[in-house]
Amino acid sequence: MLKRSMAALLAAAMVMSSLAGCSGSGNSADPAGSADSGKETASQAVPEGTESGSDEVVLTMWYWKNSIREDLIAQVSEQFPGVTIKAELFSADDIEEKINTTIASGGELPDLLPMDDWIANLLQYPDMFVNLYDAPCNAKEIEDQYVEWKWKRAETVDGKLIALPMDIGPTCMFYNAGLFEAAGLPTEPADVAAAMSTWEDAYAAAEKLQAATPDVKMFDFMGHLFVAALGQQSQHMIDEQGNFIADQDHIREAFMTAVEGKPYVYGGDTEWSSEWAASLNNGDVAAFVGAVWMKPELQDAAPDTAGQWRVTTAPGGAGNVGGSSIGITKDCKNVETAYKVLTWMTNTENQVKSLEQLGLFPSLISALDDPALMYEEEFFGNQVVNEYFIKAAKEISDYYYPPNYSSYQSAFEQQLLLVQDQDKDPEEALADAVKEAKEIYDLEYMK
């Protein structure tokens, strides 16, 4: 999964808000069935008009490290004799720019194209993709097998589907149970969820924790609080009709929720900094709201706290950060074969294996319900952590992400840094964030 910095650079986000249909047999409980039932014969795998045993079907694909398992790519030829994926690896930071540059120059895209949460930038270019709702894909037949909100993330405003979901990033609250216990707070996940169900409750708990343990802050930084609160709103900053709504009450609510957390944050601006890692490892920060893919990041950042951390429901409810989808581009000459491959790669068994090997959280309901996900994790005190992420995944509401959404968020996050670190007046900061977001909007929508 592509993990992006909270403060995305405007210039990078503005390099073209770029880019942005396949076999009727996928109507079982699993898009491609189990490993056995999903196995294709040579005649099934070879597209119509190509004799079995003749020219090999080569499907090209671009991807970034840990977005798709290497062994899964290699196994395509075993599942579909005569079919090979020719995959080209890019860094997570470079692949979106590669796509943008290719489109701008009129170059050729690969047959299969994984996309991270920046798929929002590609939805405005549906003609670059196969509409998976059309024959021979007929993806409507498998729509109800995925969590609804994730499916909608790959759907254009005019009702075309450019990709199938691969993985998701449901958010929960990570907390240090040892620090909670020292402050007299509940320590069991269910009890913490009940005591900190709202942001108001969470800040009351933070006040209690910091009074009891003055050297500890409840949360890490205000940008995290804003992203969490924003993800719990019903809309982002641009609606589906392209209207600017960053000046409305729901954005103000998310911004001021983060402002209210100022007394309870340690500071910083990103979860990737050495200071952030040290604050967790040294016990300076007791909790943060993060996506499921933050589990290995936390373990790497705070090895000395192994066994102390737990996971519970985030204050204010579920949200999502990140998660990938995969589409078929218009340059693909073997759409039917590509779709069969695509649905097999994203079936239940492969999603469960991708969670085990890469930490990619499933988007299929059948995979979320798989008992294999219910395992204890030693770093988290042998808690079955996935229980809470599964719950969050099923509770997330549909939420439209506009093109360049990270640019709009960045305007607000940067202003929150000024409130956090330089005591800027919150009302002035909010007004400046709205102004900057409107300038971004005018460049995008009024050009």
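Student: On what basis are residues numbered and values computed here?
Tutor: Residues are numbered from 1 along each chain as its sequence is written, and side-chain values use heavy atoms, with hydrogens and water left out. The model is predicted, so that local features need pLDDT of at least 70 and side-chain atom pairs count only at pLDDT 80 or more, whereas totals for chains, interfaces and linings use all residues.

Student: How are helix H9 and helix H17 oriented to each other, parallel or oblique?
Tutor: Helices (H or I, at least four residues) and strands (E, at least two) are DSSP runs numbered from the N terminus. Helix H9 (residues 222-230) and helix H17 (residues 405-422) pack at an angle of about 140°, with their axes 9 Å apart; axes are lines fitted to C-alpha atoms, for helices over the stretch in contact, and angles run from 0 to 180 degrees between N-to-C directions. Angles under 35 degrees count as roughly parallel, over 145 as roughly antiparallel, 65 to 115 as roughly perpendicular and the rest as oblique. H9 and H17 are therefore oblique.

Student: How do the residues of the contact of H9 with H17 divide by class?
Tutor: Contact means heavy atoms within 4.5 Å. H9 contributes Met222, Phe226, Val227 and Leu230, and H17 contributes Gln409, Phe412, Glu413, Leu416, Val419 and Gln420. Ala, Val, Leu, Ile, Met, Phe, Trp, Tyr, Cys and Pro count as nonpolar, Asp, Glu, Lys and Arg as charged, and the others, Gly among them, as polar. The division is 7 nonpolar, 2 polar and 1 charged.

Student: Which residues of H13 does H3 meet?
Tutor: The axes of helix H3 (residues 70-79) and helix H13 (residues 335-345) come within 11 Å and cross at roughly 125°, and the two helices are therefore oblique to each other. From H3, the residues involved are Leu72, Gln75, Val76 and Gln79. Their counterparts in H13 are Val341, Trp344 and Met345.

Student: In S2, which residue is the bridge partner of Met61?
Tutor: Strand S1 (residues 57-64) and strand S2 (residues 83-90) run parallel and are joined by 8 bridges; two strands pair if DSSP finds at least two bridges between them. In S2, the partner of Met61 is Ala87.

Student: What is the omega of the cis peptide bond that joins Ala135 and Pro136?
Tutor: Most residues other than glycine have a negative phi, and most peptide bonds are trans. Pro136 lies in the loop between strand S3 (112-115) and helix H5 (148-152). For the cis bond between Ala135 and Pro136, omega is about 10°.

Student: What is the phi of Asn66?
Tutor: Asn66 lies in the loop between S1 and H3. Although Asn66 is not a glycine, its phi is positive, at about 70°.
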